[in-house]
Amino acid sequence: MKIQIDSEVCQGHGRCYDLAPSLFGDDDEGYGQVLRTGLVPPGEEQSARLAVANCPERAIELIEET
Amino acid sequence: MAADERFARDFREARGEEPEGTRNEIVTGPVSDWAADFSHTEPEWAADPYPIQDDLRQRCPIAHTERFGGGWLPTRYADVAAIAYDTERFSSRSIIMSNFRPPRDVAPIGGSPPISSDPPFHRDARKLLLPAFTKTAVARQEPATRALCHSLIDAFDGQVVVDAARDYAQHIPMRVIADMLGFPPADGPQFRQFVENTLEGINLPPDERIARMSALFDYLLAQIHDHIDNPREDLTTFLINAELYGRKLEPSHVAGTMALLLIAGIDTTWSAIGASLWHLARVPADRERLVADPALLPAALEEFLRAYAPVTMARLVKQDMQWHGADMKADDWILLSFPAANRDPAQFDRAAEVVIDRQVNRHAAFGLGIHRCVGSHLARMELRVALDVWLSRIPAFTLADPSAVTWSTGQIRGPRALPLRLG
């Protein structure tokens with residue numbers, strides 16, 4: 001599973017780095033950033049989904065790899 | 001330090017005594033039909049706007065009024081979001097729905113950038129402010145905020161009934177924003193007056209309204225002069241020195257942004273803290289659950305923000321158009337109700353209920369799109385600390401007299417009198 005943020009859509013609400021701080025961080029202006037490569041480590045899928053579901057701008061995409 | 005010539009003369013003199021713009025007849029009094037004559041300044045709306053909004057959402061869903069020179073009230077989440085995102089057709093040149101429209105040429109800057117700004121200027125004015133308001137930056141205010149909350153409760157000093165709006169909620173954002181702007185903490189009572197004049201004086205005669213706004217800008221200019229003489233590490237000195245497009249900001253931009261930070265920083269969070277305590281005073285099961293399990297607080301405060309979103313914004317229609325079935329005219333107001341959007345059953349399960357452990361909560365309390373509240377991280381920190389300290393110190397409380405609770409009028413909604421019985 002992989003996550004990515006559309007920086008054109010993100011407005012810096014910060015719900016992702018509030019809810020899933022091991023997967024997301026903020027930049028100097030408060031916009032969300034995917035930490036590392038965006039690959040979701042095993043066991044953290046649930047918090048990735050929570051961040052996606054709570055983004056007010058729907059700026060986070062979750063790519064399920066099969 | 002050399003005198004800053006920008007502020008040597010009052011920047012307001014250049015634009016003359018009477019601000020240009022359009023005034024309309026002031027209409028007040030009871031509303032008979034909320035779909036055709038709505039008013040957010042009437043007591044019925046202030047006391048409980050949610051049944052009105054729910055009714056309109058089902059049968060309208062975009063209400064109209066001839067008051068305020070004409071305006072529209074969308075009540076569905078989808079419509080509120082669409083307008084927030086559509087800066088081509090809806091301008092932010094005034095964001096307080098009143099009886100005065102500033103002239104069109106104030107766009108794209110507006111009187112209080114960046115909230116009053118449209119693209120492309122908006123992005124640059126906003127970029128200046130963002131670093132000071134990140135979650136990381138506002139965390140520096142947390143220890144002082146926590147200490148303040150404790151000292152406010154210490155001052156209750158054994159009273160059985162306290163006014164949580166007057167004696168607790170209002171002081172927290174007032175002190176925090178005064179610290180960030182570098183204003184004397186003792187000036188707090190003046191700030192309350194400025195806030196009420198700006199946000200609740202909507203239907204006053206224009207001359208009276210102008211005179212009251214002048215008092216706010218007189219205060220801000222005095223602070224600017226003091227900061228020019230004594231620069232320090234705060235947002236006022238930062239704005240005085242800030243540059244955009246290779247030059248220092250216009251004096252009206254400096255003062256307008258200070259006005260925004262002061263007004264928007266206080267009333268909103270004061271309202272959010274008060275509304276949350278009001279809810280917990282009325283619903284013992286939620287209060288007991290939060291006291292027993294403080295880890296629920298982050299989810300609970302998002303739910304309070306959804307259900308009691310304090311902020312409604314406004315926009316002005318740019319050109320005549322048909323929009324989602326509404327025959328909109330240029331310069332019609334849009335009352336952009338994030339509270340109404342947040343209670344739309346098409347967007348939220350159990351929309352009318354307060355579910356303090358709601359897991360999926362894509363609410364719009366801080367707006368949507370380019371105008372997302374710049375202070376949202378600060379507001380969340382203040383709300384979290386205020387509730388955390390209150391619940392740890394005062395785990396049991398009820399409404400002392402439900403009929404004595406009063407709510408602010410206008411676009412920012414929260415309790416202004418909230419007598420609670422402690423213990």
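Let us start with one pair of side chains: B:Asp79 and B:Arg76 meet in a salt bridge, with 3.4 Å from N to O. B:Asp79 counts as buried because its relative accessibility is 2%, under the 20% limit. B:Arg76, at 36% relative accessibility, counts as partly exposed. Please keep in mind that this is a predicted model.

How do S2(B) and strand S3 (residues 71-74) of chain B pair? They are antiparallel, with four bridges between them. Along this pairing, B:His64 has B:Trp72 as its bridge partner, and B:Ile62 stands opposite B:Pro74. Five residues lie between the two strands of this hairpin, where B:Phe68 takes a positive phi near 60°.

Strand S2 (residues 62-65) of chain B is covered on both faces. B:Ile62 and B:His64 are buried on one side, and B:Ala63 and B:Thr65 are buried on the other. Two of these residues, B:Ala63 and B:His64, are in contact with B:Ala35, as are B:Leu56, B:Arg59 and B:Cys60, leaving aside the neighbours of B:Ala35 within four places in sequence. B:Ala35 itself is found in the loop between strand S1 (22-23) and helix H1 (43-47) of chain B, and is buried, with a relative accessible area of 15%.

### Helix H16

### Salt bridges

Over all chains, a search of the whole structure finds 33 salt bridges. Here are some of them:

| Residue | Partner | N to O distance |
|---|---|---|
| B:Asp167 | B:Arg166 | 3.0 Å |
| B:Arg289 | B:Asp357 | 2.8 Å |
| B:Glu302 | A:Arg15 | 3.5 Å |

The pair of B:Arg289 and B:Asp357 links distant parts of the chain, 68 residues apart. B:Arg289 sits in helix H13 (residues 284-292) of chain B, and B:Asp357 in the loop between helix H15 (338-341) and H16 of chain B. B:Arg289 is partly exposed at 36% relative accessible area, and B:Asp357 is partly exposed at 29%.

Salt bridges that share partners also join A:Arg15, A:Asp18, B:Lys135, B:Glu302 and B:Arg380 into one network.

### Where the chains meet

How many residues does each chain bring to the contact? Chain B gives 23 residues and chain A gives 21 residues. Between them, about 1800 Å² is buried, with carbon and sulfur atoms giving 39% of that area. B:Lys135, B:Arg362 and B:Arg372 supply 31% of the area that chain B buries against chain A, more than any other three residues. Three salt bridges are found across this interface, and the side chains of B:Glu302 and A:Arg15 also meet in a salt bridge.

Notes. Residues numbered from 1 in each chain as written. Chains lettered and ligands numbered in written order. Predicted model: local features only at pLDDT ≥ 70, side-chain atom pairs only at ≥ 80, totals over all residues. Heavy atoms only, no water. Buried < 20%, exposed > 50% of the residue type's maximum accessible area, 1.4 Å probe, protein only. Pairing = 2+ DSSP bridges. Contact = heavy atoms within 4.5 Å. Buried area = accessible area lost by both parts, 1.4 Å probe. Salt bridge = Lys/Arg side-chain N within 4 Å of Asp/Glu carboxyl O.
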